[in-house]
Amino acid sequence: MLLLQFSTSHYCRKARLALGYKGISYEVENLTPGLHRIKLKPMTGLTTVPVLLPQVSGLPDAIADSTEIFKFLESYQPEPSLLPKPEQQTAAWMLEDWLDESIGTATRFIYYDFRAGVGKQIDPSWFSQLLIQVVRRQYQINAATVNLAKQRIKLALEVLKPWQEQPYLVGESLSVADIAAAALLSPLALIPEYRQEYPWLFARIKEIHEICREPLPPGLV
């Protein structure tokens, strides 16, 4: 299998964690932001990553969107399962969807605001800073939208508090909810205020990466 991705995307990290948890061998192809549209649009009709190419006869040529990749992997290789018991699956998918649609976006706003300001020294190269400015313009990242994003993240961390005392968000095994949370909040590991205030969050993110055999995100290495 081949995963088309941006190397820094937390949504692509989400797909890699699922592949790693399933123990499925795959390779990655890192795309160049902007130019990626030329490759992906004819392939999926979309311009977003990740995109998984199964490269197996009889299977779809391409699966776009990290949630759809979860669903494909669960049908392709049911064990180990990404889902809790049947009666808990709706709750797991609802939490995954909320993390995906709301919290992953909020994380992006906070991360790129940090990288353009206090965190600029992480990579001050002109190319890195150019990409950051492109992302900020594309998603209209400004003081007002970042403030809203911080409110969302504060709420999310209240919802995820059960992680402090139990290993899984839903049920008795790792699920789509845990993997989504671990991936989509991982960029916050580079921001000191979050590392200091929520050590339990980053301890759990680290554990899930180890379970899924995925290299740790920046800030946790």
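S175 is buried, its relative accessible area being 0% (buried is under 20%, exposed over 50%, partly exposed in between, with a 1.4 Å probe and protein chains only). The model is a predicted one, where local features need pLDDT of at least 70, side-chain atom pairs count only at pLDDT 80 or more, and totals for chains, interfaces and linings use all residues. Numbering starts from 1 along each chain as its sequence is written, and side-chain values use heavy atoms, with hydrogens and water left out.

S175 sits in the loop between α6 (143-159) and α7 (176-184); helices here are DSSP runs of H or I, at least four residues, numbered from the N terminus. Leaving aside residues up to four places away in sequence, S175 touches L82, P84, A92 and V170, a contact being heavy atoms within 4.5 Å.

Over on helix α5 (residues 126-138) there is W126, which counts as exposed at 66% relative accessibility. Together with F127, L130 and V134, W126 makes a nonpolar surface patch of about 440 Å² (patch residues have over 30% relative accessible area and no salt bridge, and nonpolar side chains are joined within 5 Å).

Then there's the largest pocket, with about 1,300 Å³ of space. A pocket is an open set of points on a 1 Å grid where a 1.4 Å probe fits, with protein on both sides within 12 Å along at least five of seven lines; lining residues have an atom within 4 Å of a point. Of the 43 residues lining the largest pocket, F6, T8, S9, Y112 and V135 are closest to its centre. Two or more lining residues come from each of α1 (10-22), α2 (36-44), α4 (89-116) and α5, with α4 giving the largest share, eight residues.

Conventions
Patch = residues over 30% accessible without salt bridge, like charges linked within 9 Å, V, L, I, M, F, W, Y side chains within 5 Å. Areas by Shrake-Rupley, 256 points an atom, 1.4 Å probe, with all protein chains shown as cover. Salt bridge = Lys/Arg side-chain N within 4 Å of Asp/Glu carboxyl O. Points joined across faces, edges and corners; volume = space filled by probe spheres on them.
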